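I opened the model today to look at its sheets and helix packing. My entries follow, in the order I looked things up.

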Amino acid sequence: MGAPGPVHVVFVHGLFSSPDAWNHFGSLIEADPDLRDTVTVHRFKYASPRVQLRLARGIPHFDTIADALGTFLASVLPGAHSVVIVTHSQGGLVLQRFLARTIERGRASELARIKQIVMYSCPNNGSEFMLSIREHLYFWRQPQERELRPLNEAVVRAQQTVLAKVVFAHGSSESECRIPIAAYGGMTDKVVPPNSATWVFPMTGIVEGDHSSVIRPPDAEAMSYRVLKMALTAAAGTGAERTAAEPTERHPFATIDPPLTPLPPKLRGRYQLVAAVIAQQHAGVDILADIGGSGKSRIALEIARRLGEQGWRVWWISVPRISSSMRELANRLGAHPEQVEKAWRDGTARDLVWRLLNAASKPWILVFDNADDPQTLGPDNGAVSEGTGWLRIPATSLGRVLVTSRHSNRNTWGTWAVIHRVPQLDDISGAEILLDRVGPGGGTVEQARQLSHALGGLPLALVAAGRYLKSATGDKIWRGEHNITDFASYRAALERRFDAPPASEVGEPFGLGIVRGVFDLSLDLLTGRGVVAAAPLLRLFSCLNVAPIPYHLLLRTGLLAESPLFAGLDPQRALAALTELADIGLIDPDKRAGIGDPHLRHVLLLHPVVHGLFREHEHVRRNRADYYGLNIRMILAATEGFEPDHPENWPRWDSLIAHAVEIARVSLLGDPIDDLGVTIAALELARLTLRYLIITGLLDPAHELATSIVNDCAKLGFGGDEREILGLRHEIARIALERGELAVAEKQLITVIEKRSELLGADHADTLASRHKLARAIMEQGRWAEAEPVLRSIVLAEYSVRGPEHSDTMVVRHSLARSVLAQGRAEEAEAMVRDILEVHDRHWAPNWPETVFVRHTLVRCLLDLNKVDEAMREIHDALAIATAPSHLRLAMSFRKSLATALLFQGRVNAARKLLEELLKQAEETLGTKDPKTVRIRNLLTQVQQISPDSTDPGIPPIS
């Protein structure tokens, strides 16, 4: 891991104060063995007198102080990578003004090194202390005091910018930078009451002290010091990294093996570069950088092949699908599935994978291919160069990392990465590539060399030209206007597309122009053969994500024929056109290993350059509603009847989720599509996509997508209370529920239910779904009696709306049984649960997660009724079924119930041993602070206080 260096804490004092106000904090940090070697203290000073009697001097305004703070950070801490800023009182407003002014100047990326902000007693809502006296001292012209008054316009404006562009930012760019801000109020502060200090900011707390003593902690045990230490420790450990994993394929379908089969043709002209990278003996990071189409991935593949032959483990990560790929890597490295699930939920995925990599016992190389957006490899709240994201320096000499990217800026990658510019191919090496693919029938060596020169030595263009000529000289020959069948005629046709022959010196724009010309020639060839669907198909699929496209699944919907883009085109002719595109190398067909369904197994891949060029094609820009609308309808048709909440449907959703997210994002958050039908379909796709993301634990990307669309709904022509937007607001409330933000979820659901009831009716299926989620929020806050009548009314409504045995009805019935059990009516709950299980046994598999969950509720009923032997039998039967990774939490619950049953039988020793094993498993897979782990630990603590029976036979066999 790349060490971020020491943490620099900058203290900013308040009104009428000075840097000496921070002496207590400075002394405690200096004496703290956990901080004194890693934290460097700085104090920012500015003038803040009560009055200024000298006419030659003025009292600086907030804007001036804010700019001075920027100068201080730039000049005193020019090389600091990890900064924590701590403020008191007015200092917090100064800092907010500095953040806002930096963002407004388009320089937000400069804030990325600020890892944490801690504000004590900041008057975020103004200070009313002695306000009437301060206002009537007309001779007092202290400009700083005026900005402390409630609802000061400049303060509010800066605060809005900070909330939108810092607190709730999505990442780091020139216009926003996400930084955690914690606001603390003093318990006895009358100058800035706690409600003002904690105003609007989501991370807040109350510590002991009044307005002055809140930053003068007497010792290290004081809460004001402990919260600061927590922030400094987090910054020293790179902070809390939330994974920004874009939702793509889930890990069972992510391939991380290098694409060596079939082995590409022999590498030409890059041997020195390959040898230089392989020759490095130390652990490190190498970047292969140049424009798209320069052959970076092919060079990386050659390096991977050679190291693989030497016994190295090779993992190939496609950066556009990084989340699912790294998830699969964690599985390959031996992480438990529940441990992986937890890491991806709580934002520790990067740390988990790198712990496993650094513990590997064999040499390995990790390849990040197509990292054209480098920030994808960085932490959420910092730069890639910090080495705390997915891209890090291996901490073991056995590890190597290789990255391919269009970016070669050293500031992007950091000084610890070795950047290799990929050289342009010389004419002879380019000629070899052409001859490899075409053979001697394409012309002489000199003609091949001249065509290589015309193509600027770009491997992508050379390969495409070779594939064209190979196809044009075969049985499907088309002799068009220029009779392009060999190297010379191809070169002549290419040069006719430019005002002048291409030069040998190729910059990126011109290089892309060459590639576009080559692609156009290839499409001309297909058009001449009568394959008119080839070009629009390529443009259609380019509107999807850069991820494997399950083309069989999309084409079999039959929707192409209904589109004006493909009038009357049937799936068979579409497949034939794709075959032609593969023939000339514009798409790459592939098969996913281990996938049984042929509609999911067969995929096609687009080179990123192909994807980018055809997505931005003029025809796509003019006909966005046709291209994006067709993609939306195909995905909706392919998933119709496949509920995203049901595990048996996940393989289908796995294959489409990357494309569903991309299409929804571009259609709803990009330039508006002037077609109401397309917009409504896109909103429905977004809703279904959110359901899948939520059920699979990808809560952060789900929340970002949902809130962005809801906040932007007016641009789409929708109000916040319309049916489609209410569906998204329901999913936002579900996310809060899954995160444990129960009060937030309850409040949001109450609003959604009110609006849905007015619009759709109280017993509409959508309204009932929101009512059930509200009941869940109430239940999980322990208000079981309050939830019961709500659940009973929902069950009655579900009987008539969906039917008594619909899966949604059964889930609500189970929630009702749980609420009855929690209120001590175990006999009634048992009868309800047995009725539910009878329906489950007729409709669903015994290992369906909801069925297993219901069986656990039955076990709890039996234990409450002292039917211990029967409960034991149910536990053993359930444990024999609950063996899948998705059952792990439920299996732990059954084993915990088994320990309870053993205690009922007086077998204390057996219960203790079982709980010890269970606690170890929970700590390893769920973490020490997970609620289930805590409950197991608490029960074990109680059991350890009981004297065991000497006749205890031990733990019974568990299936």
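At what angle do the axes of helix H1 (residues 23-31) and helix H8 (residues 223-236) cross? I read roughly 60 degrees, with the axes coming within 11 Å. That makes H1 oblique to H8. The scale I used: under 35 degrees is roughly parallel, over 145 roughly antiparallel, 65 to 115 roughly perpendicular, and the rest oblique. Axes are lines fitted to C-alpha atoms, for helices over the stretch in contact, and angles run from 0 to 180 degrees between N-to-C directions.

Ground rules, before going on. This is a predicted model, so I note that local features need pLDDT of at least 70, side-chain atom pairs count only at pLDDT 80 or more, and totals for chains, interfaces and linings use all residues. Residues are numbered from 1 along each chain as its sequence is written, and side-chain values use heavy atoms, with hydrogens and water left out.

Back to the first pair. H1 passes H8 in a right-handed crossing (the near helix is turned clockwise from the far one by less than a right angle). Phe25, Leu28 and Ile29 of H1 meet Ser224, Tyr225, Leu228 and Leu232 of H8. Contact here means heavy atoms within 4.5 Å. I sorted the H1-H8 contact by class: six nonpolar, one polar and no charged residues. In this scheme Ala, Val, Leu, Ile, Met, Phe, Trp, Tyr, Cys and Pro are nonpolar, Asp, Glu, Lys and Arg are charged, and the others, Gly among them, are polar.

Next I asked what H8 packs on. H8 lies on a sheet, touching S1, S2, S3, strand S4 (114-120), strand S5 (181-186) and S6. Its direction makes about 170 degrees with that of S4. The sheet is open, has six strands in the order S2-S1-S3-S4-S5-S6, and pairs in parallel. I took helices (H or I, at least four residues) and strands (E, at least two) as DSSP runs numbered from the N terminus. Two strands pair if DSSP finds at least two bridges between them.

Strand S2 (39-44) and strand S6 (203-207) stand at the edges with a single partner strand each, so one side of each has no neighbour in the sheet. The twist averages 20 degrees from one strand to the next. Strand S1 (residues 7-12) joins S2 over six bridges. I found Val12 bridged to Phe44 in S2. Helix H2 (residues 62-76) also packs on this sheet, touching S1, S2 and strand S3 (83-88).

**The five-stranded sheet**

I then listed the open sheet of five strands: S8-S9-S10-S7-S11, with parallel pairing. Strand S8 (313-318) and strand S11 (417-421) are its edges. Strand S7 (residues 284-289) runs parallel to S11, joined by five bridges. Leu288 has His420 of S11 as its bridge partner.

**Helices H15 and H16**

Helix H15 (residues 427-438) and helix H16 (residues 445-454) pack at about 110 degrees, axes 8 Å apart. That makes H15 roughly perpendicular to H16. Their crossing is right-handed. Contact residues include Leu434 and Leu435 of H15 and Leu451 of H16. The classes are seven nonpolar, three polar and two charged residues.

**Glu870**

Last, I checked Glu870 in helix H37 (residues 868-881). Glu870 touches Arg834 and Leu862, leaving out residues up to four places away in sequence. Its C-alpha atom is 8.3 Å from that of Val859, eleven residues apart along the chain.
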